[in-house]
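Please read them with the coordinates open.

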Amino acid sequence: MSHPGVKFPRRDPACFGDEVKRRVADYFTARGLSDKANPEMVAKTVVLFTLTFGAYGLILSNHFGPWTMLGLAMLMGVGMAGLGFSVAHDALHGAYSNRPWVNRMLGLTFDLLGANGYMWRITHNVIHHTYTNIHGVDEDLTVSPLLRLSPEAPRAPMHRWQHWYAVPAYSLSTLFWAFVKDYKYFLQRDLGPYKDKQHPASEVAILLATKALFYTWSIVIPLLVLDVTWWQFVIGYVAMHLTAGAILGVVFQLAHVVEDTEYLHPDPTGMMESAWMIHEMRTTADFGRTNPLLNWYVGGLNFQVEHHLFPRVCSVHYPKISPIVEEVAKECGVPYHAQPTFRSAVRSHLAMLKRLGAPTPLPS
């Protein structure tokens, strides 16, 4: 859980890590359950694929008018975000199945939707999950110069308004991801804690091949098949991405950039204050845990505390293990951050953006 330059102490005075791992393991053992996908998760996977590519097929049928097609494009955006939350995310963490090839195949959903799974595993699985909310290492704190997401980040005058324009900025995220972000990261020598990072030639080939596949099914085929003008296509294509981007951007930010979570940094020797699992408890938050529709759609990303502690457990189980984690945290005197609803989490996120962007910003 460490990298040269930033290290976590093994000492856990509260014994939180050992105890929470034991009780969660006991939960699955006592019920004879696998911690991977169950029939409910498989059914959700089928529904989200059908929603996304069913809407795509209806658009290509040319049986609908422009306004209906625009609505279907936005529905595709909803489905794409759901596939990212509920299928690709779990698979890329190795949480969907005990069979690596199943995780590999379902992880390619990410590539099919225009993002690169290999780069996600580096920036998210390794860097973000290990160095959560540590400025200068956690790549999720530097998503755009338009946004100041850390007290230690440089402040620009425009940031005083970021709580007003953040959601529109998030809506551009999948467009940026599909056309710029992955190429940028592949060409970038320094990535989080990694210096002069080299990427296998096979992964470069997969990047180029899957990007070509995405551009083909999402742009080339519709332009060849649809009976619409080019500008009508552009409106629909952008609407699809804005919908997916806004949903993805907002949900991911509600886990770490809210009022209760902490921004922690190492001492001069690179040592962090807390053991890694306690660090995650201090820097991560849940939200809307009793909302069944939210739990279903975002694939457990509203249970980010549980996800960061147990990233290889399928998200379908997080609502059940959440009370266990909260109970152990209370017993050990470890913080457990949770907003009661999605709306309150959004309010907390926007309030945090306002504080971070203020002329007298939140101290680091």
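1. The buried residues of helix α13 pack against α1 (16–31), α10 (276–283), β1 (285–287) and α12 (304–309). Bear in mind that this is a predicted model.

2. Which residues of α13 are buried? They are Tyr318, Ile321, Ser322, Ile324, Val325, Val328, Ala329 and Cys332. In an α-helix there are 3.6 residues a turn, so residues three or four places apart point the same way.

3. The length of α13 (residues 318–332) agrees with expectation, because 15 residues at 1.5 Å a residue should span 21 Å and the end C-alpha atoms are 20 Å apart. Just after α13, glycine 333 has a positive phi of about 70 degrees.

4. Turning to the rings, a search of the whole structure gives 18 aromatic pairs. One of them joins tyrosine 56 and tryptophan 217 edge-to-face, with 5.1 Å centre to centre and 90 degrees between the planes. This pair links distant parts of the chain: tyrosine 56 belongs to helix α2 (residues 39–60) and tryptophan 217 to helix α8 (residues 201–225), 161 residues apart.

5. Two lysines are placed over rings. Lysine 44 lies over the face of tryptophan 296, 5.8 Å from the ring centre. Lysine 211 lies over the face of tyrosine 183, at 5.5 Å from the ring centre.

Key:
Residues are numbered from 1 along each chain as its sequence is written. This is a predicted model: local features need pLDDT of at least 70, side-chain atom pairs count only at pLDDT 80 or more; totals for chains, interfaces and linings use all residues. Side-chain values use heavy atoms; hydrogens and water are left out. Rings of Phe, Tyr and Trp (its six-membered ring) pair if their centres lie within 6.5 Å; planes under 30 degrees apart count as stacked, over 60 as edge-to-face and the rest as tilted. Helices (H or I, at least four residues) and strands (E, at least two) are DSSP runs, numbered from the N terminus. A charge sits over a ring if NZ of Lys or CZ of Arg is within 6 Å of the ring centre and within 35 degrees of the ring normal. The expected span of a helix is 1.5 Å times one less than its number of residues. Buried means under 20% relative accessible area, exposed over 50%, partly exposed in between (1.4 Å probe, protein chains only). Contact means heavy atoms within 4.5 Å.
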